[in-house]
Structure formats: C-alpha cells, structure tokens
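Please read them with the structure open beside you.

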Amino acid sequence: MSPAVVVPAELAATHRKFFGASPWIDELPELAEKQLAAWRLCPDGAARHGMVALVLPVVRDDGSAAVLKLQPVTTDTAGEPVGLRVWDGRGAVRLLEHDPVSGSMLLERLATRSLSSVDDDVAAARVLAGLLARLSSVPAPAGLRKLSDVAAGMLTGVPGACARLADPAQRRLLEHCAGVVAELRGEAGDRLLHWDLHYDNVLAGQREPWLAIDPQPLAGDPGFELMPALHNRWDEVVASGDVAGAVRRRFEAMVEVLGLDRQRSAGWTLGRVLQNCLWDVADGDAGLSEVQVAVAEALIAWGP
C-alpha cells in the first residue's frame, strides 16, 4: 500500500468517535486508490487531515499540482462542492473535479500557511472579513440549508438546555441569546455563507494572497459568520488584558470591512454563541464555555 493512502490513526479515531463503527474509514485506502486512478493522479507528498477529511497532495497528468480531498458525504459536507462551484475560485479554493457518489473532490493546491500566521489578529480579522464580503456577495443556490431553519431548530432546544444548566446566570444568558435570535429569525438572509470561516480555514494561495477552504455552505445573513474570528486565537484575546475590548476590536474591524449593521451583526453573533452553547450542552457539558460567555457579554454590553 502506498504511504499516501495510509489512514492516520488520529483521523481514524476521530471518525470512530463521531460516527461509531465507520465503514467509510475502513474503506478509505481503497477509495483513495480508486480516485487516484480515476483522475490519473500521482501522490506528491505527505497526507494531511482535519477532523473529517483526508487530503492528499497530488500531481495531475498535465503536471499541475492539486490535492485530493476525501470525506464522507454528510449534512455538513454535502454542500461544499455546491458552494465551491458557485464561487468558482473567487475568494475560495477552486474545485477541479467532484465525484458526487463518494464525495471526493480534486482541488487546487494551496500553501500550508494559514491566516493564523498573521501576527496582528485585527489585521487577520480584516483579511477574513474581506473574503467573507466576496463569498457572501452572491445569493445561495437552491437546496442549501437555511439560517432560518437553523435558528428555528436552536430555539426549540433552548428549554431543554437551560434545564441542564445549574447556574442561573448562564440560563439567563442562553435565554437572552434565544430572545435575540427569535427577533431576527424572520429576516435570516439569503446570502451564500461559508459557515466555518476561521483563520485556519484561510490558506495562502498563488493566484490570490488568501483563499478560503472547507466551507459548510448555508443560506443566510453574513452577520452569522463573524463568531469564529472572535473566539479563535483566544490566547491573544486573553493576553491583551482587556477581553471585552479585544473581542470588540475584531468585531468592529469585520463589520467595517463588510459594511454591516453593527447591532444586527451582534445579534446574529449571539445566535452563533447560542448554537455553540447548545452543542456543548448536548455533548454533556455541565456549564457554558468561558470563551462563549465572554464573547456574548462583550457584545450584549452594546445592547442587542
């Protein structure tokens, strides 16, 4: 077996944790060999992986560099090729080939350097916001998940989550976020969103300085996209000595670049806090994350 298609132990463990007994991960080496042959690709370096996907650097038969991305087709991954086709390389990695049955994709090869390497976190947030402005400049195609439906699902989960929180202050915070989402739900937007646009999902490219990868496309309001840039690189927020101020500086920088309404965007960011907290409680956490609480408190102080 070629080393290029050996499944990393960390990836296998992650799949079994989230998907249980996973025939997909067991059959991944065979799938990789099949796609290498089908698209006439030669392995060209060590494999990389995230939480879900295996990424193989390859060379096409015309000599151009690319990467083969292999991941199971799930509700989270099914929209990725749809979004990438719409963007067609404008602000995002370019999709070269797609096998809808297996979910395999052939993508242009980018550098391994991510936006996290930019020392100034506010400057990095501005770059990310510039990409978001381009990605969300187009309406979402039919068939993608909608923020309005996601919001409705969140609201139904709030009473149960609150019942599992022992801290009254945390229950009040969750209920406040839910109230804001309930007010915004009727105008959830129709833009094509990335939904996971954080610093490590933006890589350096050759045809453009920075390009987004790994979208989980959603139709909605761009304000729902800001949260990942606020709670990632959190050690820098803490090191600033002014957590609320550091959160607001990133938030203000992004809102300015995007030209968004500050209060509405803060509201949808609280919606993202709500979503993250609901996920944590569903996973068995007894309380809310300090990071999520800190972001919410920094924005609530402005009034949404």
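1. The largest nonpolar core has 79 residues, and those with the most contacts inside it are Leu-84, Leu-174, Leu-274, Leu-288 and Val-295. A nonpolar core here is a set of buried Ala, Val, Leu, Ile, Met, Phe, Trp, Tyr and Cys residues joined through side-chain atoms within 4.5 Å, where buried means under 20% relative accessible area, exposed over 50% and partly exposed in between, with a 1.4 Å probe and protein chains only. Helix 11 supplies the largest share of this core, eight residues. Apart from it lies another core, of 18 residues, which includes Ala-12, Leu-28, Leu-56 and Leu-70.

2. This is a predicted model, in which local features need pLDDT of at least 70 and side-chain atom pairs count only at pLDDT 80 or more, whereas totals for chains, interfaces and linings use all residues. Residues are numbered from 1 along each chain as its sequence is written, and side-chain values use heavy atoms, with hydrogens and water left out.

3. Not counting residues up to four places away in sequence, Leu-84 touches Gly-89, Ala-92, Val-93, Leu-95, Met-105, Leu-107 and Pro-215; contact means heavy atoms within 4.5 Å.

4. The axes of helix 6 (residues 147-163) and helix 11 come within 10 Å and cross at roughly 50 degrees, which makes helix 6 oblique to helix 11. Helices (H or I, at least four residues) and strands (E, at least two) are DSSP runs, numbered from the N terminus. Axes are lines fitted to C-alpha atoms, for helices over the stretch in contact, and angles run from 0 to 180 degrees between N-to-C directions; those under 35 degrees count as roughly parallel, over 145 as roughly antiparallel, 65 to 115 as roughly perpendicular and the rest as oblique.

5. Helix 6 passes helix 11 in a left-handed crossing (left-handed if the near helix is turned anticlockwise from the far one by less than a right angle, right-handed if clockwise). Among the residues making the contact are Val-150, Met-154 and Val-158 of helix 6 and Trp-268, Leu-274 and Leu-278 of helix 11. By class, this contact of helix 6 with helix 11 has 10 nonpolar, three polar and no charged residues, where Ala, Val, Leu, Ile, Met, Phe, Trp, Tyr, Cys and Pro count as nonpolar, Asp, Glu, Lys and Arg as charged, and the others, Gly among them, as polar.

6. Helix 10 (residues 243-258) packs against helix 11 (residues 262-282) at an angle of about 120 degrees, with their axes 11 Å apart, and helix 10 is therefore oblique to helix 11. Phe-251, Glu-252 and Val-255 of helix 10 make the contact with Arg-262, Ser-265, Ala-266 and Thr-269 of helix 11, a set with three nonpolar, two polar and two charged residues.

7. With helix 12 (residues 290-300), helix 10 packs at an angle of about 75 degrees, the axes being 9 Å apart, so helix 10 and helix 12 are roughly perpendicular to each other. The contact of helix 10 with helix 12 has eight nonpolar, no polar and one charged residues.

8. Which residues does Ala-298 contact, leaving aside its neighbours within four places in sequence? They are Ala-244, Val-247 and Arg-248. Ala-298 is found in helix 12 and, at 2% relative accessibility, counts as buried.

9. Asp-121, found in helix 5 (residues 121-135), also deserves a look: at 15% relative accessibility, Asp-121 counts as buried. Leaving aside its neighbours within four places in sequence, Asp-121 is in contact with Tyr-199, Arg-233, Glu-236 and Arg-250.
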